[in-house]
Each structure stands twice: as structure tokens, then as C-alpha cells.
Amino acid sequence: MRTVTYSQAGLEAVMEEMQKDDKTIHLSTNAPAALTDSFGTSRVRATPIAEGGFTGIALGAAGSGFRPIVNWSMVTFSFVAMDQIVNQVSKIHYMFGGQAKFPITFRTSCGGGGRMAAQHSQNPYSMFMNLAGLKMILPSTPYDLKGLLKSAIREDNPVISFEAGNMYAFEGEIPEEEYTLPLGEAHILREGTDVTVVTLGRMLHDTLPAAEILDKEGVSVEIIDPRTLVPMDVDTIRASVQKTGRLVIVDAAGATAGATAEIATAATEHAETFAAMKAPVKRICAFNVPIPYSPTLEDHVFPDADKILAGIREVLA
Amino acid sequence: MALSAEKQLEMLRTMQTIRRFEERASEDYIGGAIYGVVHCYIGEEAVATGICSALNIDDRIISTHRGHGHCIAKGADLNRMMAELYGRATGYCKGKGGSMHIADFSIGMLGANGIVAGGIPIVTGAGLAAQLEGKGQVAVSFFGDGASNAGPFHESINIASAWKLPMIYVCENNLWSADTEAKGTLALEDIAARAAGYGIPGVIVDGNDVLAVNEVAEAAIARARAGEGPSLIECKTYRQRTHTERKEAIDNRPAEQVAAWMERDPIKLFAADLIEREVMTEEDWKKMEEEIAQEVLDAVKFAEESPFPDPEEALVDVFAE
């Protein structure tokens with residue numbers, strides 16, 4: 001094993017896959033030097049700041065035999081390309097009867113905790129989950145980012161990688177040898193018997209300390225990271241809730257029509273899982289407000305270990 | 001005249017095939033066998049034909065919501081097109097697309113598109129692919145005057161010129177953006193003038209003269225194949241019918257404007273020209289029209305005899321397996 005940052009893990013995934021397949025190309029408003037040095041400016045394009053344009057260009061290149069990797073930078077900027085994402089990328093394979101493949105990976109950083117204020121602190125993945133035709137990953141560690149991103153790049157469908165913007169310097173271990181992580185498989189980080197906590201993205205790192213505290217109190221917490229939002233591994237979540245009888249969901253996005261609502265429903269609409277539940281589902285989410293700038297305000301809006309701890313205690317009571 | 005007689009007759013055949021196919025599509029839409037919406041290209045056939053007859057099968061194009069003409073000109077199969085309009089399982093998109101979403105990737109036709117300007121970035125990506133492949137292929141974006149006012153046009157053409165992509169941007173200026181006169185929504189008389197803002201050639205051509213369109217297409221395509229970058233071609237043309245087919249279509253365009261353009265029908269003009277130049281006889285033309293009418297009837301028969309998709313097919317193709 002070796003230690004790399006979240007940022008490095010993402011770069012390694014892209015480098016390795018670009019090395020492997022000369023049909024992979026990279027489009028972003030700032031071309032990473034590591035990529036241009038290795039693959040040249042033909043395959044690694046610095047684009048104008050025109051997200052709609054280069055998102056559509058990636059789609060057309062994908063439909064013409066290439067495997068583009070697009071970095072929108074902050075998810076904020078993906079909204080500039082919304083027509084292409086919603087009307088074209090997500091529907092094109094289906095609308096044309098499956099006659100061509102569109103393998104594209106969109107990388108983007110999600111927000112929160114960086115004092116970046118409303119436009120640059122968003123976690124809008126549930127908006128995209130509602131569109132049929134897009135897969136999406138939400139990596140919470142360097143290990144997950146590298147393994148999932150490599151699978152995303154190899155995938156013959158559009159995949160969005162929602163990465164944690166305030167985690168790029170976060171360090172973690174990855175194997176020396178090559179590895180990938182499959183899309184659609186949740187990760188049980190910690191086995192437990194009293195309560196299931198499903199955490200999304202960077203919230204894992206606030207959930208782990210809460211679980212440690214509860215462990216010392218004799219409460220056994222099972223932590224699940226879905227890793228992939230579409231397709232969602234509902235089987236693993238349901239099996240866990242059937243075992244523990246309790247479900248807490250933690251997300252740095254707002255609760256309204258969120259991924260958390262989808263996860264809660266996956267449990268409660270399933271008869272066997274519902275029958276095993278001993279307490280109502282508890283969601284610990286960001287408040288539904290545009291994210292404010294000042295530290296006292298921003299910190300109040302997002303979940304943290306204390307809020308997660310309190311929420312878990314609520315379902316145990 | 002550089003084009004062979006055979007080539008010219010083929011162009012006339014393509015134009016007339018588009019015309020006849022759409023006349024029937026309109027009829028069947030009104031009759032109820034075709035659903036949703038049908039946008040006819042009638043009156044603009046010289047544009048798709050003039051451009052596509054200068055392309056190779058491995059060159060790629062993208063179309064608009066008014067897409068039948070581009071499909072046929074690029075060589076799409078009438079049976080599968082009509083079956084798609086009829087919503088049948090044998091259609092190009094297995095009944096999932098309809099008139100606004102016909103594509104045939106095997107002949108480089110990357111699809112009709114229901115979003116004005118939506119296809120322009122996509123086909124520019126095909127231009128990027130062509131440049132990376134380095135085999136001399138080009139890509140053509142068809143769009144209307146309305147799309148030239150939209151962001152994707154400007155973003156795409158800027159990127160294509162900055163990267164010298166082998167692109168041909170073909171503006172079909174039919175003077176009307178749906179029911180709004182184009183001149184009220186842009187200050188320029190000529191959309192081709194916009195090319196100057198991107199440092200590329202902008203050419204104006206009579207979009208109802210198929211040979212003229214073909215000639216400017218050849219020049220732009222040669223430039224693109226030579227790695228010199230994109231061109232913008234503005235084809236001045238006119239849609240003979242209303243924006244969409246309707247049972248009782250209300251046309252708010254000035255009657256004298258419509259009448260003047262009907263006089264300049266691209267098929268009548270070209271057929272008369274070919275007869276005058278003795279490339280064909282009246283009789284040849286009549287025979288060709290009959291053959292085409294039969295092909296369209298065959299396509300209708302194919303569509304009518306094809307099954308509707310199984311309802312469960314609705315759940316297939318969300319993702320590639």
C-alpha cells in the first residue's frame with residue numbers, strides 16, 4: 001500500500017486509463033500539466049470556458065468512437081451545460097434505439113466546507129439521479145476515487161463522478177498494484193448490529209468518529225457507503241436494515257427530494273425491510289438553503305459528527 | 001459543369017425522394033398513422049442534397065428537428081425511416097425516437113435533434129474525432145437561422161475555429177424561426193457575416209440552387225479535409241410549409257413572400273434546368289418521379305406491416321450493456 005491524496009488518486013486513474021486506451025481524450029478548461037506532458041495537447045485539450053460547448057463536443061466524440069473524460073471543475077459549472085446533459089447526454093443512447101455507445105466520464109467537484117458561498121458549494125447529485133441514462137459515483141476516499149473512476153472511464157455509458165471538493169488534499173492508502181471498484185456495489189465500512197448508517201461522499205469522515213464514540217458506549221453501528229448513486233446497491237442497504245432494524249442516512253446535500261429520500265424509500269417500500277424496522281428512518285442532511293459564506297453560518301448548515309451522533313441516538317432511543 | 005450527368009440525376013432523385021417522403025409523412029400525420037409532431041423540410045431539399053452529395057459515407061452530419069431531408073440525403077433507408085415515424089419496432093430507433101430523433105450512425109448521420117442548436121456541439125465533437133483519427137473525414141452541422149442566435153452555435157464555432165476542426169457549419173436560413181421572422185431577432189442581414197467573428201470563411205449561397213450549394217460545399221469540405229479548419233455556409237432558402245404539420249395550419253407569413261418562394265421551388269428549378277441542358281428528358285423525369293413514388297409507397301407498406309414494439313421494450317436501452 002502507499003499513501004496518496006484524493007487529488008492524486010483521481011489523476012492516477014485518468015493517467016492509467018489514458019495510457020491503456022488511446023481513444024481516451026481529456027477536455028477541461030485547464031489542462032492538467034501531468035496529462036499534457038504524458039499524452040500531448042491533441043488528446044488533452046484545454047477548452048474555452050464554454051461548458052455547454054465542450055460537453056456536447058465530448059458527446060459527439062463519444063458517439064464517433066472516442067472515450068472522452070471531461071472535467072467540469074466545480075459542479076457549479078455543469079449547470080451551464082445543462083441542456084447538453086439533460087436533453088442530449090442522458091437520452092441519446094435510448095432515443096436512438098441503442099444504436100451507438102456514448103462512453104463519457106464527467107468529473108466534477110461538489111461543495112461544502114470551503115467557505116466558497118452559495119454557487120461554489122453545491123451537492124446537486126439528486127437532480128441528476130432523476131434523469132434516466134446517467135450513472136454516477138460519489139467517492140469518499142482516495143481508494144474509492146481511483147477504483148471507481150477507472151471503472152467509470154471503462155464504462156460504455158455516461159458517468160458523472162461527484163468528487164468532494166474539500167477533500168483533494170485528503171490522504172489515504174491505495175494498493176501498489178492496479179485495481180478497480182465496480183459500479184453499483186455498496187461498501188460496508190464497518191459491520192454492526194444496532195443501527196445502519198448510510199453515508200454519502202465526504203460525510204463518511206464525520207460519521208466514522210460518531211460511530212467510534214457509540215462503540216465505546218456499547219452501540220454497534222454498521223456504516224455503508226453506497227459509492228454509486230446510480231445504479232444504487234439497494235440490496236446491501238436493505239439487508240443491513242433487516243439486520244439492524246434502524247436506518248440513518250447522512251448527506252451534505254439538502255433533504256428535499258434528495259438521494260437520502262431515495263435510500264429511505266428503498267428500505268421502507270420493501271416489505272421485508274419495513275417489517276424489520278424498529279424506528280422511523282432518520283435523515284441527517286444539510287439545511288435546504290443556499291450555502292452561506294461565513295464560517296459560523298456554513299458550519300451550521302452542514303451535518304457534522306455531533307449532529308450525526310445526535311441523530312443516531314434519536315433512532316436508538 | 002464539373003458534375004457528371006449521373007451525379008446530377010442522383011441529386012435530383014434525392015431531392016424528389018425527400019419531397020415525396022415528406023408529402024406522405026404529412027398526409028399520414030394528418031391521417032393519424034404518424035404521431036407527435038412532423039416538421040417538413042419541403043422547399044429546402046437543395047441544401048441537404050447539395051451538401052451531402054459532396055460528402056463520403058464516413059463523413060458525419062447532424063440534423064435538426066426538421067431532419068428527414070438530411071437523413072435521406074446522407075443515405076438513410078426509407079423503410080426504416082417511415083417505420084420510425086409509424087412508431088414501429090423496425091424503425092431506426094425501434095420506435096423510441098419518432099420524426100424528431102431519427103439517426104443512423106452507420107452512415108454518419110448522428111441524429112435529428114429536438115433542441116434548436118442542441119446538435120451543433122455534438123457534431124463538433126464528431127469533427128474533433130475526425131481530426132484525432134486523421135483520416136481526412138469532415139463533419140457537417142445543419143442548423144437554422146434561429147440556432148445561429150443561440151449560445152451553442154457560438155461556443156461550437158469558436159472552439160472549431162480555435163482548434164481548426166474539419167467542420168462545415170451549414171445555416172439553412174429559411175427566414176423564419178418557427179413563427180417569428182428571423183430579421184426581428186438578429187441585426188445582421190446575413191448570418192454568414194458571423195463567420196468573421198471567428199476568423200473563418202463565411203459564404204452565402206442560393207439555398208434553392210442545388211448545384212450552387214454543392215459547389216460551395218465542395219470548397220468548404222476541401223478546406224476542412226486539408227486541415228485548414230471550419231467554414232460557415234449560409235443557404236438562403238425557404239420552408240414551403242408551416243413550422244409543423246397541422247390539420248388546419250395557420251401560416252402567419254406574408255402570402256406574397258410564400259408565393260414568391262414557391263415560384264423558386266428547388267426541385268422544379270433543377271428539373272427544368274436538367275431538361276433544358278438535355279441531361280434528362282421530360283420522360284426521364286416522369287419515370288423518376290414514378291419510381292420515387294413507388295419507393296415511398298413501399299416504405300409505407302413496410303411500416304404498416306411492421307409490428308409495434310413490445311411494451312417492455314420501453315425499459316430497454318436506457319444504458320448500453
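Predicted model: local features only at pLDDT ≥ 70, side-chain atom pairs only at ≥ 80, totals over all residues.
Is Leu131(A) buried or exposed? Leu131(A) has a relative accessible area of 15%, and because buried means under 20%, Leu131(A) counts as buried. To see its surroundings, show Val86(A), Ser90(A) and Lys91(A) as well; leaving aside residues up to four places away in sequence, these are what Leu131(A) touches. Now draw a distance between the C-alpha atoms of Leu131(A) and Ser90(A): they are 6.8 Å apart in space, although 41 residues separate them in sequence.

**Next stop: helix H1**

Move to Leu11(A), which lies in helix H1 (residues 6-20) of chain A. Leu11(A) is partly exposed, with a relative accessible area of 22%. Beyond residues up to four places away in sequence, Leu11(A) touches Ala34(A), Leu35(A) and Arg107(A).

**Next stop: a pair of strands**

Select strand S1 (residues 2-5) and strand S8 (residues 171-174) of chain A. S1(A) and S8(A) pair in the antiparallel sense, over 4 bridges. Which residue of S8(A) is the bridge partner of Arg2(A)? Click on Ile174(A) to find that partner.

Stay with S8(A) and show its side chains. In a regular strand, side chains alternate between the two faces of the sheet. On S8(A), Gly172(A) and Ile174(A) make up the covered face, while Glu171(A) and Glu173(A) make up the uncovered one.

**Last stop: where chain A meets chain B**

Bring both chains into view. Here 42 residues of chain A are in contact with 39 residues of chain B. The area buried between the chains is about 3200 Å², with carbon and sulfur atoms giving 66% of that area. Pick out Ile57(A), Tyr94(A) and Phe96(A): in chain A these lose the most area to chain B, together 21% of what that side buries.

How many salt bridges are there between chain A and chain B? The count is 0, whereas 11 residue pairs are in polar contact (both at pLDDT 80 or more). Several elements of chain A each supply at least two residues to this side, including strand S2 (24-28) and helix H5 (82-89). Finish by coloring H3(A), which gives the most, with 10 residues. By class, the side of chain A that touches chain B has 18 nonpolar, 17 polar and 7 charged residues.

Definitions and conventions: Residues numbered from 1 in each chain as written. Chains lettered and ligands numbered in written order. Heavy atoms only, no water. Buried < 20%, exposed > 50% of the residue type's maximum accessible area, 1.4 Å probe, protein only. Pairing = 2+ DSSP bridges. Contact = heavy atoms within 4.5 Å. Buried area = accessible area lost by both parts, 1.4 Å probe. Salt bridge = Lys/Arg side-chain N within 4 Å of Asp/Glu carboxyl O. Polar contact = N/O pair within 3.5 Å; in protein donor to acceptor, adjacent residues only side chain to side chain. Nonpolar A, V, L, I, M, F, W, Y, C, P; charged D, E, K, R; others polar.
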